Amino acid sequence: MRTFYPCWNLKWLFPCLLAVCFGSLTLSADDDVSTATRPNIVLVFIDDMGWGDFSCFGNDDAQTPNIDRMASEGVRFEQFYVNSPICSPSRTAITTGQYPQRWRIGSYLASRELNERRGIAQWLDPKAPTLARTLQSAGYATGHFGKWHMGGQRDVDEAPYITEYGFDESLTNFEGMGPKLLPLTRKPGDVKNGRIWEDAERLGDGYRWMLRSEITGGFVDAAIPFIDKAQQSEKPFYINLWPDDVHAPFWPPVDDWADGKRGLYLSVLENMDQQFGELFDRIRNDEALRNNTLVLICSDNGPEKGAGSAGPFRGYKTHLYEGGVRSSLIAWGPGLVQGKGQVDQESVLSAIDLVPSLLDLVGAEYPSGVTFDGESLAPTLLGKGGSRQAPIFFRRPPDRDSFYGIDDLPDLAMRQGNWKLLCEYDGTNAELYDLANDPGESQNIASQHPTVTQRMTQAVVAWHQSMPSDNGATFQLKKRKR
């Protein structure tokens, strides 16, 4: 059964139009088509990388040739949003197609005590709908290789294994249950390797230590045999490749060491791009894969201050301003994506839209009784344009009312059309920006557009109140002991 989230002011009209539009695009479960002909999907989800960090998105300080080639052969989207400015909820959104607040994941998952104080869950409920489980049920081989951070971290060691969310295989880092790669560190002058996050050895069976500067390559080395096995079994595959190289602390190869936080970040960024090359070449150089694989590349939230770049946008990781939630997105698939080297500056879409979009693209049935917050935009991903009709809503992490020198960050945000509104939980202190003319959110024009401000404020507060609550209004950081 397919159920849709009613679109803003359009009720059920838009879903009906979607069904008509996708009639010639998707494969229904009743079509006499081999499962193996369904498109393969690879989702590259990079940790803490800014909108402006790929050189194809304007970075002149570093070169990312493997990513740039994917963009030159596919579509580059400039108005793609993740659904939180911090990792765990952002990952929940792209996994479920629903706002992460529905699953009480509003900030990064940490220790048991800190999660409780912030009013968030200890892990993603395994009953949540996941893209992997739905594709697995549709005959896909499913693998997760990289950071998880939706349960199994710090002292939370009874979380579900990653494979309980619909993955046939998994290999993660220090924030997930199951087999993992743990980071050795080395800087110029070191006579032996160091270790970080050593306590993660106990988070599930199986771990291997390797240099942090090579861990993305380790995930790639696991993903390629997974692809080989899926091909031999004549099964389509869905792969998460979720590297965490550009999340602090930054440990590039000793030979590529750099000065300062920004220099180290750029070196790590370039080395991550190099490690992608083997996976991208494996797909590109195999005609069957090249013609029937969709690769999506994006980031989980904005950059850490002083490291990555949000390009022309205001704010950083943890902020609801554009720099915290707008992500670069590249869609590559020569046999699927229309146009080559296309730059889509108009389409507005978000991470929650990817789940229904991909399910429609491959012709998989939606999980029974599930209502997605995302809208199906399969034609958009394939380069045909089009934006989601409903607004995009955001709520800040409960522990991030102040950060990076700002003492009172907005609690809520909403994007609708070209308008962006931010406000407090109760709707006060509204900020309104026209992103078409002010993408950097520099001119608050709320007082000039009182009707728009009132309408959007009421909408975002109503959405906030409809979600399970967290402790954002009362949370206080504990003072450090001296």
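**Pockets, cavities and their surroundings**

Author: In this predicted model, the largest pocket has a volume of about 290 Å³. Its lining is made by 18 residues, and those closest to its centre are D48, Y108, H247, K317 and R400. A pocket here is an open set of points on a 1 Å grid over the protein atoms alone, with protein on both sides within 12 Å along at least five of seven lines, whereas a cavity is a set where a 1.4 Å probe fits but cannot get out; lining residues have an atom within 4 Å of a point. Grid points are joined across faces, edges and corners, and a volume is the space filled by probe spheres set on the points. Residues are numbered from 1 along each chain as its sequence is written, and side-chain values use heavy atoms, with hydrogens and water left out. Because the model is predicted, local features need pLDDT of at least 70 and side-chain atom pairs count only at pLDDT 80 or more, while totals for chains, interfaces and linings use all residues.

By class, the lining of the largest pocket holds eight nonpolar, three polar and seven charged residues (Ala, Val, Leu, Ile, Met, Phe, Trp, Tyr, Cys and Pro count as nonpolar, Asp, Glu, Lys and Arg as charged, and the others, Gly among them, as polar). The second largest pocket contains about 220 Å³ of space; 16 residues line this second pocket, and P398, D401, S402, F475 and Q476 are the closest to its centre. Its lining divides into five nonpolar, three polar and eight charged residues.

The largest cavity holds about 50 Å³, and R212, S213, D245, W251, P252, P253, V268 and N271 line it, which by class gives four nonpolar, two polar and two charged residues. One of these residues, P253, is found in the loop between β8 and α7. Leaving aside neighbours within four places in sequence, P253 is in contact (heavy atoms within 4.5 Å) with S213 and N271. P253 also lies 8.1 Å from E214, C-alpha to C-alpha, although the two are 39 residues apart in sequence.

The axes of α6 (residues 215-232) and α7 (residues 260-284) come within 9 Å and cross at roughly 10 degrees, the axes being lines fitted to C-alpha atoms, for helices over the stretch in contact, with angles from 0 to 180 degrees between N-to-C directions. The two helices are therefore roughly parallel, a term for angles under 35 degrees, with over 145 counting as roughly antiparallel, 65 to 115 as roughly perpendicular and the rest as oblique. From α6 the contact involves I215, T216, G217, V220, D221, I224, I227, D228 and Q231, and from α7 it involves M272, Q275, F276, E278, L279, R282 and I283. By class, this contact has eight nonpolar, four polar and four charged residues.

Three strands form an open sheet in the order β6-β5-β7, with mixed pairing, where two strands pair if DSSP finds at least two bridges between them. Strands β6 (194-195) and β7 (207-211) stand at its edges, each with a single partner strand, so one side of each has no neighbour in the sheet. Strand β5 (residues 180-185) runs antiparallel to β6, joined to that strand by two bridges, and T185 stands opposite G194 in β6. On this sheet packs α6, which touches β5 and β7 and whose direction makes about 155 degrees with that of β5.

Terms used
Helices (H or I, at least four residues) and strands (E, at least two) are DSSP runs, numbered from the N terminus.
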